[in-house]
Amino acid sequence: MIEIKEANHKFEFKIIEKLASEVLHEVYDPIIPPEHTDYFLTEFQSIHAIENQIQNENFSYYLLNLNTKTVGYLGIQTQNKALILSKLYILKSFRGKKIGKTALEFVNRFAIEKGFEKIELIVNQQNQNTVNIYQKNGFKITESIVNSFPNGHSVEDYKMEKRLESQKRESAT
């Protein structure tokens, strides 16, 4: 059974930090320098960074569990009329078990219930498998962008979005 549980406590943030370290190196080291992955982990996925995002930046984090084992996590951020899907990572050995699909359905329901107009996300252009998954789930590439970081590294990303107006009308009938 797949369960999605909001992370609210330091011990849960520690679980996310540990998962992030494993998954992000696996996903990104083939396409960006490992030292940039380390930078990203420290700046955005450490316990301190997660606490700050939740307290000051309208973030929520969720643990993804399969049969009581935590196998991934997601992070969302609210911004005006958009819900930002900031993070969605699953351990490699648990991919293909509908966990990501369940997480995307959860995010979609959450966004509709809270009245957001769209879901947005950023994905690395070289991460084509992930781009394809998002496209299969109704996201469209809206922009090609270069994100530059204070450590001097930059990455080429796609901004993707999924409009929700039509889904709101359908769920109201």
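Two strands count as paired here if DSSP finds at least two bridges between them. Helices (H or I, at least four residues) and strands (E, at least two) are themselves DSSP runs, numbered from the N terminus. With that in hand, start with strand 6 and strand 7: they run antiparallel and are joined by eight bridges. One of the bridged pairs is S148 with S154 in strand 7. The hairpin these strands make has five residues between them, and G152 has a positive phi there, near 90°.

Before going further, a word on the model. It is a predicted one, where local features need pLDDT of at least 70 and side-chain atom pairs count only at pLDDT 80 or more, while totals for chains, interfaces and linings use all residues. Residues are numbered from 1 along each chain as its sequence is written, and side-chain values use heavy atoms, with hydrogens and water left out. The pLDDT is the predictor's confidence in each residue, from 0 to 100. For the protein chain its mean is 93, and 95% of the residues reach 70 or more. Among the elements, strand 2 has the highest mean, 98, while helix 6 (residues 165–172) has the lowest, 55.

Contact means heavy atoms within 4.5 Å.

Strand 2 (residues 59–66) and strand 3 (residues 69–79) are antiparallel over eight bridges, with L66 opposite K69. Strand 4 and strand 5, on the other hand, pair in the parallel sense over three bridges. Strand 5 also pairs with strand 7, antiparallel over seven bridges, and here V123 stands opposite Y158.

Strand 5 is mostly covered, with six of its seven residues buried. Buried means under 20% relative accessible area, exposed over 50%, and partly exposed in between (1.4 Å probe, protein chains only). K118 in this strand counts as buried because its relative accessibility is 19%. K118 is the bridge partner of A82, and its side chain makes a polar contact with that of E120 at 2.9 Å. Such a contact is a pair of N or O atoms within 3.5 Å; within protein, one must be able to donate a hydrogen and the other to accept it, and residues adjacent in sequence count only if both atoms are side-chain atoms.

Over in strand 6 you'll find E143, which counts as partly exposed because its relative accessibility is 38%. Leaving out residues up to four places away in sequence, E143 touches D157, Y158 and K159.

Finally, look at helix 4 (residues 99–113). Several of its residues are buried, including I99, A103, F106 and F110. After the helix comes G115, with a positive phi near 80°.
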